[in-house]
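Hi everyone, thanks for coming. Let's look at this one together, and stop me whenever a word is new.

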Amino acid sequence: MSDPTQTSRRAFLRGSAAALAGGAATAASAGTPDPLITEVQSWASGLGEGVDETPYGLPIEFESDVVRRNVPWLTADPISSINFTPIHALDGTITPQGCAFERHHSGAIELRKEDYRLMINGLVDTPLVFTYADLERFPRENHVYFCECAANTGMEWAGAQLNGVQFTHGMIHNMEYSGVSLRTLLEEAGLDAAGDLADKWVYVEGADASSNGRSIPMEKALDDVLVAFKANGEALRKEHGYPVRLVVPGWEGNMWVKWLRRIEVMDGPVESREETSKYTDVLADGTARKWTWVMDAKSVITSPSPQAPITHGAGPLVITGLAWSGHGKITRVDVSKDGGITWETARLGKAEEDSKALTRFYLDTEWNGEDWLLQARAMDETGYIQPTKDQLREVRGENSIYHNNCIQTWHITPDGEAENVEVS
Amino acid sequence: MSKFLKATVATCVLATPVFAEGYGLGREALPEEIQAWDVDIRPGGAGLPEGSGDVWTGEEVFADYCAVCHGDFAEGVDNWPVLAGGFDTLADKDPVKTVGSYWPHLSTVWDYVNRSMPFGGAQTLEPDEVYAIVAYILYSNDMVDDDFVLSDENFAEFEMYNEGGFIVDDRAETEYTIWRKEPCMENCKDSVEITMRASVVDVTPEETAEEEAAAQVEDSTQVAAVAEDAPAQEAPVVAALDPELVAAGEKAFKKCSACHQVGDGAKNRTGPALNGIMGAAAGQAEGFKYSKALQAMAEEGLVWDEANMTAFLTKPREFMKGTKMSFAGFRKESDLEAVIEYLKSHAE
């Protein structure tokens, strides 16, 4: 095999089965002894790196293609843009921070903990200012949640467009957050001044130049919203809002304000740019839905997929993917190989308590070079079944951008390649 | 909102008592601090500072700060947002969603311009400038006459075109009732046909060595062509600068300052810091992430001499296909000349 760093990225991106087949074939043929076993290899004889070599490690060089990628034609400037998690190459459910998608409106800023301030004002008994150190003295919670951009799969409304699950479904990540519940902080400021909480809102705002701000109904604010400062056990990355971001479980990613600097208790929504001109959904007749916060149940097969083709030939095949719902737990995922005529139920590889978090599913099956139209269909604890794109279009028309949670189809061809297609 | 409250879960959350006694952490926010950060503007204009701005002032301010990306007539440059027009397109395929055609509240425009714009120079506008810019955006949408003055006093009277165009999330009634049902497992449809393929559209980004090399060849051809057109360079002379021209350049540089800094303590922002740029080799600002296009031209030896800088700032995207700089180019030769003189005045 050639040096992987020299291999054209095309092989990984388009998933050329031929480019990857060589190594697998050698290991599988039983006739001649495998030199990797019979000969002493350099790594079995010489020495590796010492413990003082890498104070903080990156993935090994052979995994250098497992990176975030962006779509340059999508936006005017990479500073106000989005990139995509390489979900085709990941397994399990936790997304490593270093390859978890980024979306910012004025670039990823660098804000020191020492310079961090969080203000709570508005209809509270005492307006307060917290330092980072103050936040660490409140009782802490740990929760795993998915964060999905409302625009995930948004480029696919009009038809199959991007040939890779990273691009069609990669505006998502799933992390374990450590932080303080927003409820605790609001109680610290006191909500007597707010009176009846039923019609109150909190407005949350970031410290970066975009000053991204969203209005959240008080019910949600007091329910499960988290002011988080750690993800997957370590500090947030700057691109995810270091040192403090908001976590709004099950709701669209734009509300998960990064570099959180201010929380205002209000008697109505601000109707900010990001909740009027953006993150609203134009229907067929031109009227638009607003406040479409919840991310409905969705699933996608991550392998095989255009960037992760079948390279091992006929025989046992693991079909795997991710499912999630902003309404709670995923209860079931079905997989179809014939474009939705027949379905079989996949195995969920998950912790029972996961709610509003990614669920991994597997279908341990066999592939013998058939043409497949591969689909996954998620079901959540409310009994909601992930719709087809046609079902969504029937209700919403074709002018939406956000909240496309349709069933995705991959066409698997006899050579093991996969292509993004739309089916009748 | 009322719909949301019907959900039993939400009601339970509100019913849980909120305790008054806390941990005694944090400190009271001072009025000056709240004033500095609490600047959001509500529908109807609550929160607006005193002030006013007219359309003609707005046109000037807009040209200085906004037109780089949004175009002189708010028509949008490249992929940057279009702010004007698009009326009655919302039900069409590919609706044009602008401030005029789509935004339901004028307060949102003021709030967003004030807090988040200009790109790379946010929170630097004076209230009167914001009023003027908003007035100009309304004018560019044919929503006001050219003698219109927007102020905190007449703000609440203004009604937006699409104010009634929004409904609160109704998925619970229009979608969930349909899709919460027993899933079909067999014979779910008669037949299946592929109706569309992503490979036909072919817009998936690809990173290949071949393509990058090809792009570089293309870029270098451009450099060569530019070099041929450019007049032969004289030996560098340290000419005395024209102070009037430098002053005019400082003014014209306002167009650039949303993205570029120059002078003492200049740092890279959206664009690289420009101290010592005149006469320098391209792509030298430390720590700035240049476009592939610029890097390729820099490797070919591009130098920011007067001829190249003039060509670049006249039509940036023609001179450098793929440049990250979103500026459309100076239309007035006098502005261009002045800016170059101003840049010369900021040698290293």
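Strands here are DSSP runs of E with at least two residues, helices are runs of H or I with at least four, and both are numbered from the N terminus. This is a predicted model, where local features need pLDDT of at least 70, side-chain atom pairs count only at pLDDT 80 or more, and totals for chains, interfaces and linings use all residues. Residues are numbered from 1 along each chain as its sequence is written, chains are lettered from A and ligands numbered from 1 in the order in which they are written, and side-chain values use heavy atoms, leaving out hydrogens and water.

Okay, chain A. Strand 7 of chain A, residues 172-181, pairs antiparallel with strand 6 (residues 141-148) through eight bridges. One of the links has A:Val144 partnered with A:Glu176. Strand 7 of chain A also runs antiparallel to strand 10 (residues 226-231), with five bridges, and there A:Val180 has A:Val227 as its bridge partner. Nine of the ten residues in strand 7 of chain A are buried, meaning under 20% relative accessible area with a 1.4 Å probe, protein chains only.

Now the cores: buried Ala, Val, Leu, Ile, Met, Phe, Trp, Tyr and Cys residues joined through side-chain atoms within 4.5 Å. The largest has 73 residues, and B:Trp304 and B:Met309 are among those with the most contacts inside it. Helix 7 of chain B gives the most, eight residues. B:Met309 has contacts (heavy atoms within 4.5 Å) including B:Ile277 and B:Leu343, leaving aside neighbours within four places in sequence.

How values were computed. Buried < 20%, exposed > 50% of the residue type's maximum accessible area, 1.4 Å probe, protein only. Pairing = 2+ DSSP bridges.
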